[in-house]
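The sequence and structure come first.

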Amino acid sequence: MSQRPSIAFAKIATPKKGSVVVLAADGGGLSEAASACDPQGLLKKAFGVADFSGKLAASIEVLAPHGTEYDRLAAVGTGKTDALDERAWNRIGGAAFAAARKTGEVTIVADLDGTEPSADDVASLALGVMLSAYAFDKYKTKKDNGKGGAPKPAKVTILCANPTAAKKAFATAEAIAGGVLLARDLVNEPANVLGTVEFADKAKELEKLGVKVEILTEKEMKKLGMAALLGVAQGSARPARLAVMRWDGGKAKDQPVAFIGKGVVFDSGGISIKPAGGMEDMKGDMGGAAAVTGLMHALAARKAKVNAVGIIGLVENMPDANAQRPGDIVTSMSGQTIEVINTDAEGRLVLADALWYCNERFKPRFMINLATLTGAVIVALGNEHAGLFSNNDELADRLLAAGKDTGDKVWRLPLAPEYDKLIDSKNADMKNTGGRNAGSITAAQFLQRFVKDTPWAHLDIAGTAMGSPSSEINQSWASGFGVRLLDRLVRDHYEG
Ligand code: BES
Ligand code: MN
Ligand code: ZN
């Protein structure tokens, strides 16, 4: 875990020292307060020299600016100020923090020429700072601050028109940031450190926030009949776990909403072993479980008025004398039998039992599962959108909207009986792969066989949970994708 900056809000004034960041509108226009930080007009001069035109999230800096006590004076572009949405403010915050070099005393003057940023705008900027500040550097023994030793966490002060209101709005943003950064940490952590038991311990830590957490052992899962999930784990020295997290922030009689995550702490492919190139990335094959855990953190930390269940299936997929074989037939908790054609199509086996269990036990209002399920979804959508599959148009539309608002973007792909047929098996009720074509869709069809008529959505996050190109709000391998998306979905439709 990287050091988190401390963030404070104060009234607009002219800062005395440290690194100062001001906002520059499209064309380079500065507000009065911003200009007051630059008595010599050095920024305006630099804008001309560097062709800086105030484009959204572009930045420019002047070191040890003449006529001030500042270490650096920087400007971040906002682009056209009439079109600034939440995602733009996140990017501005991330860019501002990066321009201040992320250390020492940082003051951001959150002020525009003409329009005044709202408290929510300022909170979105602050969220951008939090997300941008994250680095997975705990295994770097030599810290990269030029002087040796650990860098001090930055002290960030955001100057704005109404600091009291901004601080209040930021309380929610901070809870969400905590969830996103937890998810990033879990995904970035290597599998030798974060095994199934260790992950379950992390889930258990949410009890501090008032989440009820149960950890099911293999013995208990066996009794429940979860042979599909357990079959994946049987080639690993690490035992399977199922973590059940409950946040009861709603009314006692409210049906819960439910989130289910694929938690394969390492996916070697098993006996259908993967090629060596890039296999190290399979430490992140628990991105779905990380997002669910991060979401439960966020909901509890902001005391969301909702009853929410988070269930994560934790296994390791390894080849071993005891490992599951291609051709094996397992009986899932649902009673449906599955022929295992390829042991590398393991995520769906884990989710089959987790989804069934969730539905039977909690009778939820809806179920949303997240999984780094298929390489095929990366071929289809790259790192920009997660694949969305759903049996319910209303739920799908709500997810699409929450994705646009938060930047955790999703794109809907089809389900249909013609695809479902492709996973019929001649030896069992179904097989776990559907052949080369439409690999993400046949995986989704497989999951759908375990959800009955409950409103359900599946998010294939193989391309978005990790390995996305660096952005203003994330420079680490893991993104924490899904936490903000689902928090927003809950906030907009299922609270109160
Ligand atoms: N965990 C992988 C999917 C994956 C690939 C996630 C790349 C992230 C990055 C999954 O378990 C898997 O191996 N899927 C197979 C399915 C195939 C055997 C039907 C795949 O996508 O190749
Ligand atoms: Mn696999
Ligand atoms: Zn996998």
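## Pocket, ligand and cavity

A pocket here is an open set of points on a 1 Å grid over the protein atoms alone, with protein on both sides within 12 Å along at least five of seven lines. Volume is the space filled by probe spheres set on the points, which are joined across faces, edges and corners.

The model is predicted, with local features needing pLDDT of at least 70 and side-chain atom pairs pLDDT 80 or more, while totals for chains, interfaces and linings use all residues. Residues are numbered from 1 along each chain as written, chains are lettered from A and ligands numbered from 1 in written order, and side-chain values use heavy atoms, without hydrogens and water.

The lining of the second largest pocket comprises 29 residues, and K274, L373, T374, G375 and A376 lie nearest its centre; a lining residue has an atom within 4 Å of a point. At least two lining residues come from each of β9 (257–267), α11 (376–381) and α14 (439–448).

Ligand 1 sits in this second largest pocket, meaning that more than half of its atoms lie within 2 Å of the grid points. Around ligand 1 are 17 residues, of which K274, D285, D344, E346 and G375 come nearest; near means a heavy atom within 4 Å.

| Side chain | Ligand 1 atom | Distance |
|---|---|---|
| K262 | oxygen | 3.2 Å |
| D285 | nitrogen | 2.8 Å |
| D344 | oxygen | 2.8 Å |

Of the 520 Å² of accessible area that ligand 1 has on its own, the protein covers 77% (Shrake-Rupley method, 1.4 Å probe).

One cavity of 30 Å³ or more is counted, a cavity being a set of points where a 1.4 Å probe fits but cannot get out. The largest cavity has a volume of about 40 Å³. Its lining includes G231, N317, M318, T343 and E346.

Conventions. Polar contact = N/O pair within 3.5 Å; in protein donor to acceptor, adjacent residues only side chain to side chain. Helix = DSSP H or I, 4+ residues; strand = E, 2+ residues; numbered from the N terminus.
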